[in-house]
Amino acid sequence: MEKVKTSCITLGVDPGFSVTGFGVMQRKPNGVQLLDCGYLKMRSSDSLVRRTGIFYHFFKDKIEQLHISHIALETPFLGKNAQTFLKLGYLRGILYLLADQHQIPTSEFAPKQVKTTVTGFGGASKDQVALMVHRLFPNLHQKFLISKNDITDALAVCLCGVWTEQAYSNIAKNYM
């Protein structure tokens with residue numbers, strides 16, 4: 001059975017093994033509506049197996065409850081610790097598995113691309129990204145009690161996903 005797409009609801013994720021930020025937005029004719037955001041915090045004392053299970057079930061529930069139709073991820077960048085890079089791959093793999101299970105398209109964005117899209121400058125700091133996200137969603141503090149850059153980073157990734165999907169949708173309409 002083919003999935004009927006009524007509206008685009010994008011899940012943006014900034015994966016991390018201790019804290020994973022997420023945002024959920026719906027594209028509307030007059031802009032973007034923020035539906036949900038927050039973070040998943042996992043205990044470092046839990047095993048890798050346990051944390052991947054927690055991550056899987058958390059995002060499976062989000063996808064099913066919020067009827068996610070698009071997933072946006074930030075591509076990881078290899079920093080100083082190769083083990084951290086490898087472990088982030090596990091989390092990304094879980095999101096790909098969930099996308100396959102629910103037949104959801106995914107988009108990936110490099111950190112520089114996210115920063116350029118949201119702030120206009122690819123070398124923007126996390127604080128500059130957070131400031132722009134707060135400007136785009138002025139009631140963010142009141143509604144969601146934002147206190148972590150993981151959340152604003154995820155919202156920036158989500159915006160990239162929404163705006164990119166919207167651009168592709170508009171292009172497709174012109175050729176139909």
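## The nonpolar cores

The largest nonpolar core of this predicted model has 22 residues. A nonpolar core here is a set of buried Ala, Val, Leu, Ile, Met, Phe, Trp, Tyr and Cys residues joined through side-chain atoms within 4.5 Å, where buried means under 20% relative accessible area, exposed over 50% and partly exposed in between, with a 1.4 Å probe and protein chains only. Inside this core, the residues with the most contacts are L11, F55, F59, I63, I68 and I71. Which elements supply at least two residues each? They are β1, β2, α1 (48-66), β4 and α2. Helix α2 gives the most, with six residues. The names refer to DSSP runs numbered from the N terminus: helices are H or I runs of at least four residues, and strands are E runs of at least two.

Another core, of 20 residues, lies apart from this one, and L34, A72, I151 and L159 are among its members. In soluble globular proteins, nonpolar side chains tend to be buried together.

## The sheet

Next, look at the strands. Five of them form an open sheet with mixed pairing, in the order β3-β2-β1-β4-β5; two strands pair if DSSP finds at least two bridges between them. At the edges stand β3 (31-41) and β5 (106-109), each with a single partner strand, so one side of each has no neighbour in the sheet. On average, neighbouring strands of the sheet are turned by 20° against each other, direction ignored.

Strands β1 (residues 9-14) and β2 (residues 19-28) run antiparallel and are joined by six bridges; here G12 stands opposite G23 in β2. The pairing of β2 with β3 is also antiparallel, over ten bridges. A hairpin links β2 to β3 through two residues, and M25 stands opposite L34 in β3.

## A helix across the strands

Helix α2 (residues 82-101) lies across β1, β2, β4 (70-74) and β5, and runs at about 165° to β4. Such angles run from 0 to 180 degrees between N-to-C directions, using axes fitted to C-alpha atoms, for helices over the stretch in contact (heavy atoms within 4.5 Å).

The C-alpha atoms of S44 and F17 are separated by 7.9 Å, and the two residues are 27 apart along the chain.

## About the model

Residues are numbered from 1 along each chain as its sequence is written, and side-chain values use heavy atoms, leaving out hydrogens and water. As this is a predicted model, local features need pLDDT of at least 70 and side-chain atom pairs count only at pLDDT 80 or more, while totals for chains, interfaces and linings use all residues.
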